[in-house]
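Subject: Handing over a structure

Hi,

Please have a look at the model first, then read on.

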Amino acid sequence: NPLIYHHINDEPGVMLPGMAFTIEPILCQGVARGIQWPDGWTISTEDRGRSAQYEHTLVVTTDGVDVLTI
């Protein structure tokens, strides 16, 4: 803990050296607005276009951040 959101928010919390986080961009063909399926996990775009998600893991250091995945 803390829970650090991947977007601008008003939640308290500061990333400290040794903590890791991910950056997870999603590329969408068509609209980017999403809908969540009844399973509570799966999300698709409203127009059901193709999409791709990938991620990089980073760790906070005393000098900044290190990318762990390339």
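First, a word on the ground rules. This is a predicted model, in which local features need pLDDT of at least 70 and side-chain atom pairs count only at pLDDT 80 or more, while totals for chains, interfaces and linings use all residues. Residues are numbered from 1 along each chain as its sequence is written, and side-chain values use heavy atoms, with hydrogens and water left out.

**Overall picture**

The protein has seven strands and zero helices, giving the pattern β-β-β-β-β-β-β along the sequence. Here strands (E, at least two residues) and helices (H or I, at least four residues) are DSSP runs, numbered from the N terminus.

The radius of gyration of the protein is 15 Å, whereas a compact globule of 70 residues would come out near 11 Å. That radius is taken over C-alpha atoms, and the globule rule is 2.2 Å times the number of residues to the power 0.38. Along the principal axes, the C-alpha atoms fill a box of roughly 45 × 30 × 20 Å.

Of the 70 residues, 9% are buried; buried means under 20% relative accessible area, exposed over 50%, and partly exposed in between (1.4 Å probe, protein chains only). The accessible surface comes to about 5,900 Å², and 57% of this surface belongs to carbon and sulfur atoms. Areas come from the Shrake-Rupley method with a 1.4 Å probe; for residues, only the protein chains shown count as cover.

Among contacts (heavy atoms within 4.5 Å) with a separation of 6 or more, 40% link residues 24 or more positions apart.

**The sheet**

Three strands make an open sheet in the order β1-β6-β7, with antiparallel pairing. Its edge strands, β1 (20-23) and β7 (64-67), each pair on one side only. On average, neighbouring strands of this sheet are turned by 35 degrees against each other, direction ignored. For that angle, axes are lines fitted to C-alpha atoms (for helices over the stretch in contact), and angles run from 0 to 180 degrees between N-to-C directions.

Strand β6 (residues 56-61) runs antiparallel to β7 and is joined to it by four bridges; two strands pair if DSSP finds at least two bridges between them. β6 and β7 form a hairpin with two residues between them. Within this pairing, T61 stands opposite G64, and V60 has V65 as its bridge partner.

**Three residues to look at**

- V60, in strand β6, counts as buried because its relative accessibility is 11%. Setting aside residues up to four places away in sequence, V60 touches M15, L16, P17, G18, M19, F21 and V65. V60 and Y5 are 55 residues apart in sequence and 15 Å apart in space, C-alpha to C-alpha.
- T22 lies in strand β1 and is buried, at 18% relative accessibility. The T22 side chain makes a polar contact with that of E24 (2.6 Å). A polar contact is a pair of N or O atoms within 3.5 Å; within protein, one must be able to donate a hydrogen and the other to accept it, and residues adjacent in sequence count only if both atoms are side-chain atoms.
- S44 belongs to strand β4 (residues 43-45) and is buried, with a relative accessible area of 13%. Its side chain makes a polar contact with the side chain of W37 (3.0 Å). Leaving aside neighbours within four places in sequence, S44 is in contact with R33, G34, I35 and W37.

Best wishes
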